[in-house]
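I opened this notebook to record what I looked up in one structure.

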Amino acid sequence: QVQLVESGGGLVQPGGSLRLSCAASGTTLDHYAIGWFRQAPGKEREEVSCLRVADDYKYYARSARGRFLISRDNTKNAVVLLINNLKPEDTGIYYCAPVYSVVGGCFAYDSWGQGTQVTVSS
């Protein structure tokens, strides 16, 4: 099983950008699909975006379309989530996880890491 570690979160003003990284160890990501999820305070965890590495197939949740960009960083064996024009409602803990399907959504195995905190505030 691939081991994933999230990083890149922080405190950002509205309108700013963040680049979150999901770094893999133990294996390459060539045969994996990786999803990004987030959990806002007091809310359930929700899907954001996911990437099937083998063919670069990408899925974005409706809330993520237009401002979020998921991609693979080959140099670091990672999947990156770029978030532009950050809004206060983007605040939450962002998790990455292996997913077993990216068609119509990001369907994850129930295995989660520590996540990385994103706080959008002026």
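The entries below go from the salt bridges to the patch.

I note that the model is predicted, that local features need pLDDT of at least 70 and side-chain atom pairs pLDDT 80 or more, and that totals for chains, interfaces and linings use all residues. Residues are numbered from 1 along each chain as its sequence is written, and side-chain values use heavy atoms, without hydrogens and water.

**Entry: salt bridges.** I looked up how many salt bridges the structure holds. There are seven, a salt bridge being a side-chain nitrogen of Lys or Arg within 4 Å of a carboxyl oxygen of Asp or Glu.

**Entry: Arg 67 and Asp 90.** I found these two in a salt bridge, with the closest N and O atoms 2.8 Å apart. The pair links distant parts of the chain, 23 residues apart: Arg 67 lies in the loop between strands S6 (57–60) and S7 (68–73), and Asp 90 in the loop between strands S8 (78–83) and S9 (92–101). Strands are DSSP runs of E, at least two residues, numbered from the N terminus. Asp 90 counts as buried because its relative accessibility is 0%; Arg 67 is buried at 14%. Buried means under 20% relative accessible area, exposed over 50%, and partly exposed in between (1.4 Å probe, protein chains only). I also recorded a network of salt bridges linking both residues with Arg 38 and Glu 46.

**Entry: Asp 55 and Arg 52.** Their side chains meet in a salt bridge at 2.8 Å, N to O. Asp 55 is partly exposed at 44% relative accessibility, and Arg 52 is partly exposed at 30%.

**Entry: Tyr 109.** I located Tyr 109 in the loop between strands S10 (107–108) and S11 (116–120). Tyr 109 is partly exposed, at 44% relative accessibility.

Conventions: Helix = DSSP H or I, 4+ residues; strand = E, 2+ residues; numbered from the N terminus.
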